[in-house]
Amino acid sequence: MDARAELKRYLHAAIGRVAANCDGAREQDGIGFDGSDSKPGRMIASCPPETWSDQMASQAGLWCRKYARQIGPDANGLADEAAKTFGTVTAKSADVKAITAAEGGFIVRFGYNPDVSDALREMVVGARWNGDKRAWIVPRQQGVRLESFAARYGFTLSNAAHALLTASRHMQTADGKVGFDGTDVTIAFADVPDAAVRKAVKALPGCRFDSVAKLWRLPPRYVRTVRDLAARFEWATTGDFDALPDLDPDVVDVKVRADGTTLLVSFPYDKQLIDIMNQVGARWDGRAEVKAWRIPAEAGFDLLSVLEHQKVKVADDDSTGDLLDQARQMLARITNSRALDADFEVSGMACDLYPFQRAGVKYVVEAGGRSLIGDEMGLGKTPQGLAALQAMNAWPAAVLVPNVVKVNWVRAAHKFFPHLRVVALYGMLKPEFARQLVRMIEVGQPDGLLVPYTMSPGEARSIKVTDRASAVEAYTLLTQADLIVVNYDVLGPTELTEKETLVGKRPDPGWVPVLKALPLKGIVADESHGLKDPKTLRTRACIETARSLPDGAAKIGMSGTLVLNRRVEVAAQLDFIGMLDEFGGYTAVKQMPDLARRLRARCMVRRDKAEVLPELPPRQHEPIVLNQSELDAKVMAEYRHAERDLLDFLARRAAEMALEAGLDPTSAAIEARMKAAGAEFLIRIGVLLRLALRAKKKAARRWIDEFAKTGEKLLVFGSHLEQLDEFAAEFGAPEIKGGVSPERRMEIVDDFQDPNGAQLCFLQIHAGGVGLTMTAASNVLFLEQAWSPMLHDQAIDRCYGRLDGDPHGAVGWYLVAEDTIEEWVSQLLAEKRIECADALDGDVTDGQIESTSVYSDLVGMLVRKAVQP
């Protein structure tokens with residue numbers, strides 16, 4: 001061992017004494033690491049000395065001098081020697097990049113970096129985060145992939161990790177091996193095979209994975225198919241397998257019959273066919289009158305496609321023909337839901353649709369107008385919605401929108417269809433005026449004397465009813481309008497629940513009864529993710545209005561983020577378009593593993609920007625972790641005090657719940673109960689988040705100042721208004737928040753888009769995250785994080801490249817205070833982004849992610865920290 005390596009070993013032993021007593025700097029008692037040293041100190045001490053960089057060794061030397069009393073009499077001598085050998089450079093958690101070995105696999109440690117985390121998950125199959133070890137765990141079979149990852153990102157391996165890596169290389173040289181165990185043909189792999197091999201193996205008839213033996217099994221009747229696959233991929237075969245004859249399996253009689261909108265499949269007991277039933281999503285119906293496998297109609301074609309490769313005889317009765325045709329059509333619709341072009345024309349349009357927009361309109365029309373347009377933000381859902389209404393002649397129609405995009409819709413209607421007569425509704429409608437309008441619509445004539453007025457094609461009018469005379473004028477305009485634009489805030493439901501009636505709640509005034517009385521043929525909900533909760537007044541108002549439309553009416557929901565947090569959020573949107581029953585109701589949607597596929601098969605068209613604009617760079621998410629020296633020390637002292645109070649409170653509540661239930665406070669059951677009671681902790685957690693924001697105010701000002709020197713434009717998003725107002729005033733920049741009129745918003749946007757206009761704009765994330773095009777910028781700064789990653793994506797998409805010939809990328813910068821719950825929130829948001837993608841695209845996790853909210857998961861993490869011994 002050379003002198004430098006020997007010195008690192010001594011330094012490692014020295015700071016290990018400090019780390020062994022460290023309590024996370026929760027107590028200023030002179031024991032363990034203090035303050036900002038705690039996290040990097042414990043992380044560096046957990047890494048073997050052979051993985052240390054010189055920078056980490058230098059930092060260890062500095063700590064030897066700082067914590068000499070805890071280390072012992074040799075501390076200062078070690079510090080002097082380290083300074084001579086390695087210098088006096090400091091190191092942070094972000095500088096740690098080490099890979100060590102543990103029983104069964106590798107341990108990967110590094111400072112917080114979402115990009116490196118994403119790369120590890122992508123490059124190394126099976127990598128998982130271990131919260132107890134605060135590190136990533138990688139199976140030993142993934143050694144070669146981990147080696148590539150380490151080389152790309154500059155990680156150092158311990159001696160034990162090197163030895164394990166060498167062993168894993170030998171494991172991987174074996175590749176696939178085919179055998180016969182007397183019952184089944186087996187296929188085993190030393191390493192997780194690549195995607196092409198996995199797909200080929202899963203496609204083998206009757207193939208199933210044995211999780212105990214860690215290999216694939218299939219019946220010997222398919223030996224000929226396996227031989228072909230083994231030759232294709234050059235797998236090794238055993239003598240037992242080679243001795244098997246090319247068997248001709250017995251023919252199995254399979255009967256298929258219809259039952260409503262599902263297919264019933266029955267056959268004599270055959271384990272291989274049972275496996276196939278499970279693969280295609282069939283469920284066993286054991287009732288005496290059925291005794292068959294029940295499969296959705298859209299999976300019927302999948303079933304027949306698989307059975308074509310089996311030695312089976314399929315018999316079906318006359319009832320199945322239509323359902324199988326329907327299954328084929330639904331599978332075609334899955335393909336069409338991703339289509340980038342279609343032969344489809346819409347008459348009367350003043351501007352041409354892009355090819356992929358034509359495909360979207362065709363999809364909606366072929367679905368009977370009951371559809372969700374889920375294209376990513378910036379791909380032009382508005383013209384698709386208007387074109388679908390025109391193609392179906394669904395006029396008059398109502399468009400329900402957030403108030404911030406009402407003006408946009410009026411502009412878009414006249415841009416694409418200049419002949420439309422458009423009416424925009426403003427203000428709440430008092431019950432007496434609502435009754436007056438409904439009466440006039442029902443009898444077909446106005447109250448009292450009416451001066452005849454005819455709307456001209458292309459005319460746009462605004463309505464605000466304040467008295468009986470303006471109600472008569474509203475009747476005149478509404479009964480002539482082709483398109484009625486109304487914001488969600490003024491709808492107001494007319495039906496209350498029994499509970500609301502008992503507590504004396506009165507219906508809000510609003511436009512719902514008037515819209516229900518009009519002969520609408522179409523309705524659109526823009527930014528329909530706002531209808532995620534079926535219990536809210538807004539959602540009930542929208543669904544109530546949509547249900548009043550006649551059969552065959554167009555009902556369209558539009559949002560680039562149909563799911564913000566949990567897959568069940570799409571259920572109320574399905575209710576709005578009249579499709580919820582076809583999905584089995586709210587509970588079925590929540591539990592549906594292949595939700596994305598079923599949505600595409602029935603009602604959802606969705607393309608992303610990478611498909612439509614392949615030259616467009618992807619969104620980038622760049623965290624800026626502010627270390628303790630960059631944060632306000634006085635505010636951080638308040639933060640630590642509030643954090644201790646919160647953890648103590650959580651520990652007490654967990655102990656109380658455990659005592660009542662007779663359980664261990666550290667048990668998963670108590671954690672689940674604490675998460676369910678999360679609302680009672682919201683204020684205390686909010687205090688921590690506000691303190692973290694205050695602590696990084698100075699750093700945020702410096703960052704914005706430095707960025708402004710580049711001359712580029714910047715959007716700055718935040719949630720807390722008092723802080724956002726303060727920043728906007730300090731920089732003399734415009735601000736978009738709740739209460740700013742649509743007209744003022746457009747003035748701010750137009751000025752920002754002007755090359756000579758404002759360089760900065762501050763926006764409240766809920767008020768400014770939708771309906772605005774601010775592509776003069778390519779950078780977005782988040783002063784704080786929202787509870788949903790989709791809100792961040794929406795905000796970034798305000799400046800993300802559009803279809804107007806400016807396909808530039810966009811970067812979201814996140815200011816994250818080190819060693820605060822902001823780091824945890826950032827990690828949870830990255831995980832939640834995967835779940836939201838899975839719910840709509842279905843190609844990330846096979847629907848296996850547990851559907852919980854970011855806040856709920858944060859409560860769980862805090863509870864685990866609070867109750868740990």
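1. Let's start where two helices meet: the axes of α27 and helix α36 (residues 854-867) come within 8 Å and cross at roughly 85 degrees. (Axes here are lines fitted to C-alpha atoms, for helices over the stretch in contact, and angles run from 0 to 180 degrees between N-to-C directions.) That makes α27 and α36 roughly perpendicular to each other, on a scale where angles under 35 degrees count as roughly parallel, over 145 as roughly antiparallel, 65 to 115 as roughly perpendicular and the rest as oblique. On the α27 side the contact is made by Glu643, Leu646, Leu647, Leu650, Ala651 and Ala654, and on the α36 side by Leu862, Val863, Lys865, Ala866 and Val867; contact means heavy atoms within 4.5 Å. By class, 9 of these residues are nonpolar, none is polar and 2 are charged. (Ala, Val, Leu, Ile, Met, Phe, Trp, Tyr, Cys and Pro count as nonpolar, Asp, Glu, Lys and Arg as charged, and the others, Gly among them, as polar.)

2. A word on what you're looking at. This is a predicted model, in which local features need pLDDT of at least 70 and side-chain atom pairs count only at pLDDT 80 or more, while totals for chains, interfaces and linings use all residues. Residues are numbered from 1 along each chain as its sequence is written, and side-chain values use heavy atoms, with hydrogens and water left out.

3. Now the overall tally. The chain's secondary structure comes to 36 helices and 29 strands, where helices (H or I, at least four residues) and strands (E, at least two) are DSSP runs numbered from the N terminus. Of the 869 residues in the chain, 53% are buried, meaning under 20% relative accessible area, with exposed set at over 50% and partly exposed in between (1.4 Å probe, protein chains only). Among contacts with a separation of 6 or more, 72% link residues 24 or more positions apart.

4. Back to α27 (residues 633-661), which also packs against helix α28 (residues 668-676), at an angle of about 120 degrees and with the axes 10 Å apart. The two are therefore oblique to each other. Leu650, Arg653, Ala654, Met657, Ala658 and Ala661 in α27 meet Ile670, Arg673 and Met674 in α28. That contact divides into 7 nonpolar, no polar and 2 charged residues.

5. Next, the sheets. One is open, with 8 strands in the order β19-β18-β20-β17-β21-β22-β16-β23 and parallel pairing; two strands pair if DSSP finds at least two bridges between them. At its edges stand β19 (460-463) and β23 (604-605), each with a single partner strand, so one side of each is left without a neighbour in the sheet. Helix α19 (residues 468-478) packs on this sheet, touching β18 (422-425), β19 and β20, and its direction makes about 145 degrees with that of β19.

6. Which strand of that sheet has 5 of its 5 residues buried? Strand β21 (residues 522-526) does, so it is largely enclosed by the rest of the structure. Gly522, Val524 and Asp526 point one way from it, and Ile523 and Ala525 the other way. β17 and β21 run parallel, joined by 4 bridges, and Leu400 stands opposite Ala525. Another 5 bridges join β21 to strand β22 (residues 554-558), also in parallel, where Gly557 is the bridge partner of Ala525.

7. Helix α22 (residues 537-547) has 8 of its 11 residues buried, so it too is largely enclosed by the rest of the structure. The buried residues include Arg540 and Glu544.

8. A further open sheet has 6 strands in the order β24-β29-β28-β25-β27-β26, again with parallel pairing. Its edge strands are β24 (620-626) and β26 (735-736), each with a single partner strand, so one side of each is left without a neighbour in the sheet. Helix α34 (residues 789-796) packs on the sheet, touching β24, β25 (714-718), β28 (779-782) and β29 (811-817).

9. Leu626 is found in strand β24 and counts as buried at 5% relative accessibility. Its C-alpha atom is separated by 5.5 Å from that of Glu818, 192 residues apart along the chain. Ser788 is in the loop between β28 and α34 and is buried, with a relative accessible area of 2%. Leaving aside neighbours within four places in sequence, Ser788 is in contact with Leu564, Asn565 and Leu829.
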